[in-house]
Amino acid sequence: MFVYIARRVVYVIPIVLSVALVCFLLVHITPGDPLVAILPADASQELAQQLRVAYGFDRPLPVQFGLWLWRALHGDLGSSIATGRPVLAEVMKAVGNTVTLAIAAAAIGFTLGLFFGLIAGYFRDTWVDKVATSIAIAGVSVPHYWLGMVLVIIFSVQLNWLPAVGAGPGGSGSWAWDWEHIKYLVLPAITTSVIPMGIVTRTVRALTGDILSQDFVEALRAKGLQETKVFRHVIKNAAPTALAVMGLQLGYMLGGSILIETVFSWPGSGLLLNSAIFQRDLPLLQGTILVLALFFVFLNLLVDIAQASIDPRIKRS
Amino acid sequence: MTAMTDTALQAAPATKARGYWATVGRRIVRDKVSMACAFILLLIFLAAIFAPYLHLADPYQGSMIRRLRFIGTPNYPLGTDELGRDMLARLIYGGRLSLLIGILPVILAFFIGTGLGVVAGYVGGKLNTAIMRTVDVFYAFPSVLLAIAISGALGAGIVNSIVSLTIVFVPQITRVAESVTTGVRNMDYVEAARASGANAFTIMRVHMLGNVLGSIFVYATGLISVSMILAAGLSFLGLGTKPPEPEWGLMLNTLRTAIYVNPWVAALPGAMIFAVSICFNLLSDGMRSAMDIRN
C-alpha cells in the first residue's frame, strides 16, 4: 500500500508542474499587453516601461516562469490588479463558498444518483429502469445555467419561496448553517447536483448490470443466499468504480462552478473567475485557475488512494 | 468477437451476408428513440440552414413599443425579446451560430484527436509517451474550467470560443483513440498485414482506421451534447458571440433581466439548447448500442 501511495504521489509532481506552466502561459497567450488593464489610455512610454519592469514582464519567459513558480511555492500568487489585495487570500475566501455549494450539491446528486443507478441496474429493462434512465439522460443533457434560471423563475419569481441570488441575508456575509443562510443554498445546490446525479446514475446502473450478470452472483443465489444479501455483494463490487466517478464529479463541481455561480451571484471561486476575466485582472485569473486545478489534481490523488485501499485488485496491477 | 463470427457464419447460407455497418444501420433505423431524435435534429438543422426562406420576421429588427410580448401574441407566436425582436425568428436564426460553435469544435477535435491517438497507439514507444503525457496535463483541469480559462485569456469571440472548446476535446478524443488503437494493433490481421510486408502507413490507413473510427465517432457524438452546453455557456458568460447576433446562450444572457416581466419567453433559448443536447445524447446512446452487435 505504502509503495502504491508513494508511486502515485511521485507521479503527481510532473502534473503539478505542467499545470503551473499552463496557468503561467495563459497570461502570455493573452492578446495585447498584460498591463493594459492598469495602464491609463494616455500613459507615457516611460510609465509603461517602469510598470513592465516592476511586474517583471521585461525578463525572458523562462526566468519569469521560474520566479513566478518560486513565489507561488511560497504562497505568493501576486496581488489582484483590481483590488490590490493578495490573490491567494481572495481565492481561498471564495473557494470556501464553492466548497459549501459543492458539498451540498454532492449530497443531493450522489444520494439520488446511487439510488436511481442501483434500482435501474437491478430492475433492468422494467419501467423503473426506463424512468431512472430518462431522469439521468435529462440530468446530463440539461444546460445547468438554464435550469438555474428556470428554478429561479418558479421558486423565486412565481412562488416567492426562495431567494434568487446571493449567499445570505444582507449580501454575502459569512456563511452559517442555519435556515436564513441555507435557503440561499437550496436552488444553486439543486442546480449543481443534476449533472453528477445523471452521471452517477448511468455509471452505477451499468456497474450493477455487469455485476449481476457475473457467475459469482449465480453461485450466491444457488447456495440460497437471500436477495438482500446478494444485493450487498453487488454494492461492495460496485463501490470502487462508483467512488472514483463521484470523486471526479466533486472535482468538476469545484472547478466548473462558474456558470452556476454567475446565475445565482454565489460569491465563490467561479464568480471570482468571472470578474477576473471581465476586469482583465490577469494575476487573479491565473491564481484562481491554478488553485482550482491543484484542488482537482489532489482530489484525484485522494480518490485513487481511497480506491486502492478498498479494492486490492488495483494495487496489484 | 467469437459470438459475432458465429452469427455471421450461421447467417451466411440463407441470405447474402450483410456487412457490419449495414447491420448497425438496420438496428439504428429500428430504434424509435434514435430515429425520433434524428428527426428533431434534422428539423432544427434544416430550419437553421433555410431560415431566410421561411418568411420569418427580421431577427435584428426591434421595436421599443412591442418589447417582451408574451408567448401566443398575434404575429409573435413565441413573443418578443427585451428589444422587441421576434423570438421565433431569433430562435431559428440562433440555431445557425449555436449549432456551429457547438458542433465544429467536436468535428475539429475528432480529426486532430484521432490523428494523434492513432499515431500514438500504433507507433507506441517514446512518441506515445510524449503524446499521452501531454494529454494527461489537460486532464488535470476540469473541462469547464479549461474552456473558460482559455476563452478568458484569449478574449471574447466566436473563433476564440471554437478554439478553446477544440483544445478541451482533443485530449479526450486522443485518449479514446489511443486505447482503441492499442487494442486493434495486437489483432492477428494487423500482424498478418505486417508479415506480408505492408508499410506502417498502409496498415494504419487500410487495416486500422476502419476498425477504430466507429468507436471514436460514437464517443465524439456523445461529446456534442457537452459541447453545445459549453459553447452556449461561454456566450452566456459573454465570452462567445457578441450582440446583436442571435445565439441561444447569448439570448439567454440578455433575457435574464426579463425573468420578472416575461419569464417563459426568457427561458425559451435554453429549451432549444436542452432539446439539441438531449437529442444528441440519445442518438449517441442509440448508436453505441446498435454497434454493440453482441447484445
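**Entry 1: ground rules and a first helix**

I take helices (H or I, at least four residues) and strands (E, at least two) as DSSP runs, numbered from the N terminus. The expected span of a helix is 1.5 Å times one less than its number of residues. This is a predicted model, so I use local features only at pLDDT of at least 70 and side-chain atom pairs only at pLDDT 80 or more, while totals for chains, interfaces and linings use all residues. Residues are numbered from 1 along each chain as its sequence is written, and chains are lettered from A and ligands numbered from 1 in the order in which they are written.

After helix 3 of chain A comes A:G75, with a positive phi near 80°.

**Entry 2: chain A overall**

I counted 13 helices and 0 strands in chain A. The C-alpha atoms of chain A fill a box of roughly 85 × 55 × 35 Å along the principal axes. For burial I count C-beta atoms, placed from the backbone: a residue is buried if 20 or more others lie within 10 Å of its own, exposed if 12 or fewer, and partly exposed in between. By that count, 37% of the 317 residues of chain A are buried. Two residues are in contact if their C-beta atoms, placed from the backbone, lie within 7 Å. Of the contacts in chain A with a separation of 6 or more, 74% are between residues 24 or more positions apart.

**Entry 3: A:R85**

I found A:R85 in the loop between helix 3 and helix 4 (87-122) of chain A. Is A:R85 buried or exposed? A:R85 counts as exposed, because it has 12 C-beta neighbours inside 10 Å. Setting aside neighbours within four places in sequence, A:R85 is in contact with A:S79, A:S80 and A:E90. I also checked A:L284: it is 199 residues from A:R85 in sequence, but the two C-alpha atoms are 9.8 Å apart.

**Entry 4: helix 6 on helix 7, chain A**

Two packed helices are described by the angle between their axes and the distance between the axes. I use axes as lines fitted to C-alpha atoms, for helices over the stretch in contact, with angles from 0 to 180 degrees between N-to-C directions. The axes of helix 6 and helix 7 (residues 179-212) of chain A come within 9 Å and cross at roughly 145°. A crossing is left-handed if the near helix is turned anticlockwise from the far one by less than a right angle, and right-handed if clockwise; this one is right-handed.

Which residues make the contact? Helix 6 of chain A puts in A:H144, A:L147, A:G148, A:L151, A:V152 and A:F155. Helix 7 of chain A answers with A:L187, A:P188, A:I190, A:T191, A:V194 and A:I195. I sort residues into nonpolar (Ala, Val, Leu, Ile, Met, Phe, Trp, Tyr, Cys and Pro), charged (Asp, Glu, Lys and Arg) and polar (the others, Gly among them). The contact of helix 6 with helix 7 of chain A then has 9 nonpolar, 3 polar and no charged residues.

**Entry 5: where the chains meet**

I get 39 residues of chain A in contact with 33 residues of chain B. On the chain A side, the elements giving two or more residues include helix 1 (2-28), helix 9 (227-255) and helix 12 (282-310). Helix 6 of chain A gives the most, with 7 residues. By class, this side of chain A has 31 nonpolar, 8 polar and no charged residues.

**Entry 6: chain B**

Chain B has 11 helices and 0 strands. Its C-alpha trace spans about 75 × 50 × 30 Å along the principal axes, and 44% of its 295 residues count as buried. Among contacts in chain B between residues at least 6 apart in sequence, 69% join residues at least 24 apart.

I looked at helix 6 (residues 143-154) of chain B: its end C-alpha atoms are 16 Å apart, and its 12 residues should span 16 Å. Why is helix 6 of chain B described as largely enclosed by the rest of the structure? Because 11 of its 12 residues are buried; among them are B:S143, B:L146 and B:G152. B:G155 follows helix 6 of chain B, with a positive phi near 100°.

**Entry 7: helix 2 on helix 11, chain B**

Helix 2 (residues 20-30) and helix 11 (residues 263-291) of chain B pack at about 135°, with axes 9 Å apart. That makes them oblique (under 35 degrees is roughly parallel, over 145 roughly antiparallel, 65 to 115 roughly perpendicular, the rest oblique). The crossing is right-handed. B:V24, B:R27 and B:I28 of helix 2 meet B:G286, B:M287, B:A290 and B:M291 of helix 11 of chain B. I sorted this contact into 5 nonpolar, 1 polar and 1 charged residues.
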